[in-house]
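Trainee: I would like to go through the terms used for this model one by one, and to hear what stands behind each of them.

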Amino acid sequence: MHFTSLTPLVLAALAATSTTVSATRLFASSYAGTITTLDLSKLGNASYYLAKLDTTNACSPNASWIEIDVKRRNLFCLDEGMVTGNGSLTSFKIKNDDTGKTLSQVAHTIIPNAPVNSALFTGANGSQLLAVAHYAWALTTWKVDPVTASYSGLQHFNFTMPKPGPNAARQAAAHPHQVLVDPTNTYLV
């Protein structure tokens, strides 16, 4: 199979198995605005087969990043908003049935422009949280209901610089590229 519209790809895997083949569910987001669900199966003769299961455009127009909570079957998609001026955050439940649709949209929210990366983490009281890095100089945090995949905004931090960097044309503002949770689950880096 050839998926020209899936470049650049962001892939995340959700494992599933059966008795005759080994299968892995893959989710690919695309700047074309789609999330495509793929099934990668290892056949009995050690060969592999990739099949397209489903496509949704519910994270359009620029689906740029996927974050998955495998245990709770939740998927969060960031739309970078390159053509709209705003980004968006969309959550889905990952379905495991025979309807043909693998994702069920739960929530969709307009958020600050250029969300490029996210990370799920556990709050001090055991709550599930999502941090989102925005290339347009911000970080937002969200409280997530792990059962339903719904969420609500918590905090919005704008990063500032006292003066432009050495390449002023490219470094006039801070541009966070990623948010990571430290190994102790205490700090966002």
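Mentor: The accessible surface of the chain comes to about 10300 Å², and 56% of that belongs to carbon and sulfur atoms; such areas come from the Shrake-Rupley method with a 1.4 Å probe, and for residues only the protein chains shown count as cover. This is a predicted model, in which local features need pLDDT of at least 70 and side-chain atom pairs count only at pLDDT 80 or more, while totals for chains, interfaces and linings use all residues. Residues are numbered from 1 along each chain as its sequence is written, and side-chain values use heavy atoms, with hydrogens and water left out.

Trainee: Why is Tyr31 called partly exposed?

Mentor: Buried means under 20% relative accessible area and exposed means over 50%, with partly exposed in between (1.4 Å probe, protein chains only); Tyr31 has 33%, and is therefore partly exposed. By the cut-off for buried, 42% of the 189 residues of the chain count as such.

Trainee: Where is Tyr31 placed?

Mentor: Tyr31 lies in the loop between strand 2 (22–29) and strand 3 (35–42), where strands (E, at least two residues) are DSSP runs numbered from the N terminus.

Trainee: What makes strand 10 and strand 11 a pair?

Mentor: Two strands pair if DSSP finds at least two bridges between them, and strand 10 (residues 128–134) and strand 11 (residues 138–144) have seven, in the antiparallel sense. The bridge partner of Leu130 is Trp142 in strand 11.

Notes: Helix = DSSP H or I, 4+ residues; strand = E, 2+ residues; numbered from the N terminus.
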